[in-house]
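User: I would like to go through this model by question and answer. Please show the sequence and structure.

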Amino acid sequence: MKKIEAIIKPFKLDDVREALSDIGINGMTVTEVRGFGRQKGHTELYRGAEYMVDFLPKVKVEIIVADDIVEQCLEAIIETAQTGKIGDGKIFVYDVERVIRIRTGEENEEAI
């Protein structure tokens with residue numbers, strides 16, 4: 001099993017969720033996050049004073065999937081989240097050793 005974390009632009013969330021749903025992913029965790037990479041924030045004007053906005057709003061989508069559909073999930077995220085502009089985000093893939101559904105005690109693939 002793998003954990004896929006995708007940091008994407010907030011306005012792309014619905015498209016990504018829909019694309020993942022189309023390939024059978026029906027559960028995910030979504031967190032509003034802030035950060036920056038090469039984008040390095042931007043300057044804004046407030047009451048005549050210029051100030052730097054270092055941390056930009058992003059969304060982190062986390063899903064746990066079976067090994068055999070990881071590539072499908074990555075392709076779906078990339079195709080829907082990509083705008084071709086700086087700040088599109090990043091995807092991280094981690095190994096998952098064990099999953100347990102608390103309610104039923106089911107483990108691993110049955111618990112996803």
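User: Is D88 buried or exposed?
Analyst: The model is predicted: local features need pLDDT of at least 70, side-chain atom pairs count only at pLDDT 80 or more, and totals for chains, interfaces and linings use all residues. Residues are numbered from 1 along each chain as its sequence is written, and side-chain values use heavy atoms, with hydrogens and water left out. Buried means under 20% relative accessible area, exposed over 50%, and partly exposed in between (1.4 Å probe, protein chains only). D88 has 16% relative accessibility, so D88 counts as buried.

User: Which side chain makes a polar contact with the side chain of D88?
Analyst: A polar contact is a pair of N or O atoms within 3.5 Å; within protein, one must be able to donate a hydrogen and the other to accept it, and residues adjacent in sequence count only if both atoms are side-chain atoms. A polar atom of the D88 side chain also lies 2.9 Å from the backbone nitrogen of G84. The side-chain partner, at 2.4 Å, is T83.

User: Why does the pair K9 and D88 tie together parts of the chain?
Analyst: The side chains of K9 and D88 meet in a salt bridge at 3.8 Å, N to O. A salt bridge is a side-chain nitrogen of Lys or Arg within 4 Å of a carboxyl oxygen of Asp or Glu. K9 lies in the loop between β1 and α1 (13-22) and D88 in the loop between α2 and β6, so the parts they tie together are apart in sequence by 79 residues.

User: Is K9 buried or exposed?
Analyst: The relative accessibility of K9 is 13%. K9 therefore counts as buried.

User: Which strands hold K2 and D95?
Analyst: The two side chains of K2 and D95 meet in a salt bridge (2.3 Å, N to O). The pair links distant parts of the chain, 93 residues apart. Strands (E, at least two residues) and helices (H or I, at least four) are DSSP runs, numbered from the N terminus. K2 is in strand β1 (residues 2-8), and D95 is in strand β6.

User: How many salt bridges does the structure hold?
Analyst: One of them joins E106 and R101, with the closest N and O atoms 2.4 Å apart. K3, E5 and E62 are linked in a network of salt bridges. The number that the structure holds is six.

User: Which residues does F55 touch, not counting those up to four places away in sequence?
Analyst: F55 lies in the loop between β4 (49-53) and β5 (56-65). At 45% relative accessibility, F55 is partly exposed. Contact means heavy atoms within 4.5 Å. The residues touched are R34, G35 and F36.
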